[in-house]
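This report goes through one structure site by site. Start with the sequence and the model below.

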Amino acid sequence: MLTVSDLTVAFGPTVAVRGVSLTAEAGTVTGILGANGAGKTTTLLGILGHVPRRGGRITFDGRDVTALDTRALVRAGIALCPENRRLFPSMSIEDNLLLGAYGQPRATRQARLARTYERFGWLHDRRAEAAGRLSGGQQQTVAIARALMSDPRLVLLDEPSSGLSPVAVEEVGEVLRGIARDGTAMVLVEQNVRLVERLCSTAYVLAHGQVTASGPVDELIGGDAVSDAYLGTGDRPAAGPQPR
Ligand SMILES: Nc1ncnc2c1ncn2[C@@H]1O[C@H](COP(=O)(O)OP(=O)(O)OP(=O)(O)O)[C@@H](O)[C@H]1O
Ligand SMILES: [Mg+2]
């Protein structure tokens, strides 16, 4: 469904993502694991054309979308649930949700809201409340629901478990599992290995802006690349042919 080939993103002299290639299949959840600063967020933003790419090619549903801007990619069916949720805390839950369907005709926005409230009944009950009053897990659910408001076929999620209590991580995990069950494909960036284990079939490990390992999650987790990424034993740029 999504193919990223040789994506490179640099901020001036800092090359944050160096030749990353990955694929995400329809109807599956693909994980991206990696330590702080590994280049996970930059990879997602690079896919969306949100940061200047130095190289790389993106295809979506067999179509080359490399030249499309972020807005066109959203229209094509890719949504982002950004790092740190990025809700507007003083705005109502409903107004936060509506931002996910920004620019759509009123009838479309209302239909998508209705569908969101069908899925998350409690959001309907609390729709007029300020988003900032919700718990962390609930706010993350609003951020995910807002991403779904663009009616995507692929959702890119940037560390949805970040800063949440273990109970809230479970809650968010269940929400994501429900979305996966409906057949919406996802790319899940996470430092929470357990969440990736639970939701993903395939995952990639990023370190120093490069893919250091990839494969079926059950083979990957417990492997050297994952422990290197998290324990810092791999504190050097990867060199030579990488295990796949
Ligand atoms: N706008 C920017 N300008 C300059 N450098 C940046 C910018 N954004 C990211 N970087 C650098 O690129 C590298 C990768 O950052 P990125 O945010 O992609 O990592 P990450 O894997 O998402 O980390 P985290 O787990 O902390 O979110 C880091 O060295 C970071 O400092
Ligand atoms: Mg990040």
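## Met149 and its contacts

Met149 touches Leu97, Leu98, Gly100, Ala101, Arg109, Arg112, Leu113 and Thr116, with residues up to four places away in sequence not counted. Contact means heavy atoms within 4.5 Å. Met149 sits in the loop between helix H6 (136–148) and strand E7 (154–158). Helices (H or I, at least four residues) and strands (E, at least two) are DSSP runs, numbered from the N terminus. Met149 is buried, with a relative accessible area of 0%. Buried means under 20% relative accessible area, exposed over 50%, and partly exposed in between (1.4 Å probe, protein chains only). From Met149 to Val65, 84 residues apart along the chain, the C-alpha separation is 21 Å.

## Basis of the model

This is a predicted model, in which local features need pLDDT of at least 70 and side-chain atom pairs count only at pLDDT 80 or more, while totals for chains, interfaces and linings use all residues. Residues are numbered from 1 along each chain as its sequence is written, chains are lettered from A and ligands numbered from 1 in the order in which they are written, and side-chain values use heavy atoms, with hydrogens and water left out.

## Arg109

Arg109 lies in helix H4 (residues 106–119). At 27% relative accessibility, Arg109 is partly exposed. Beyond its neighbours within four places in sequence, Arg109 is in contact with Leu98, Ala101, Gln104 and Met149. Arg109 and Leu97 are 12 residues apart in sequence; their C-alpha atoms are 9.4 Å apart.

Asn96 is found in helix H3. Asn96 is buried, at 0% relative accessible area. A polar atom of the Asn96 side chain lies 2.8 Å from the backbone nitrogen of Phe88. A polar contact is a pair of N or O atoms within 3.5 Å; within protein, one must be able to donate a hydrogen and the other to accept it, and residues adjacent in sequence count only if both atoms are side-chain atoms. Leaving aside neighbours within four places in sequence, Asn96 contacts Leu87, Phe88, Met91, Ala131, Val142 and Arg146.

Ala79 belongs to strand E6. Ala79 is buried, with a relative accessible area of 4%. Residues up to four places away aside, Ala79 touches Ala147, Ser150, Pro152, Leu154, Val155 and Leu156. Ala79 and Pro152 are 73 residues apart along the chain, yet their C-alpha atoms are separated by 5.8 Å.

## The magnesium ion

Thr41 (OG1) and Glu83 (OE) coordinate the magnesium ion (ligand 2), at 1.9 to 2.3 Å. The pair links distant parts of the chain, 42 residues apart: Thr41 is in helix H1 (residues 40–47), and Glu83 is in the loop between strand E6 (78–81) and helix H3 (93–99). Donors are N, O and S atoms within 2.8 Å of the metal (3.2 Å for Na, K and Ca); water is not among the atoms, so sites may look incomplete. Thr41 is partly exposed at 21% relative accessibility. Glu83 is partly exposed at 28%.

## Ligand 1

Of the 13 residues around ligand 1, Gly37, Lys40, Thr41, Thr42 and Glu83 come nearest. A residue is near a molecule if one of its heavy atoms lies within 4 Å of it. The largest share of this shell, 3 residues, comes from H1.

Oxygen atoms of ligand 1 make several polar contacts. One lies 2.5 Å from an N or O atom in the Thr42 side chain. A polar side-chain atom of Glu159 is 2.9 Å from an oxygen atom of ligand 1. Taken alone, ligand 1 exposes 620 Å², and the protein buries 60% of that. These areas come from the Shrake-Rupley method with a 1.4 Å probe.
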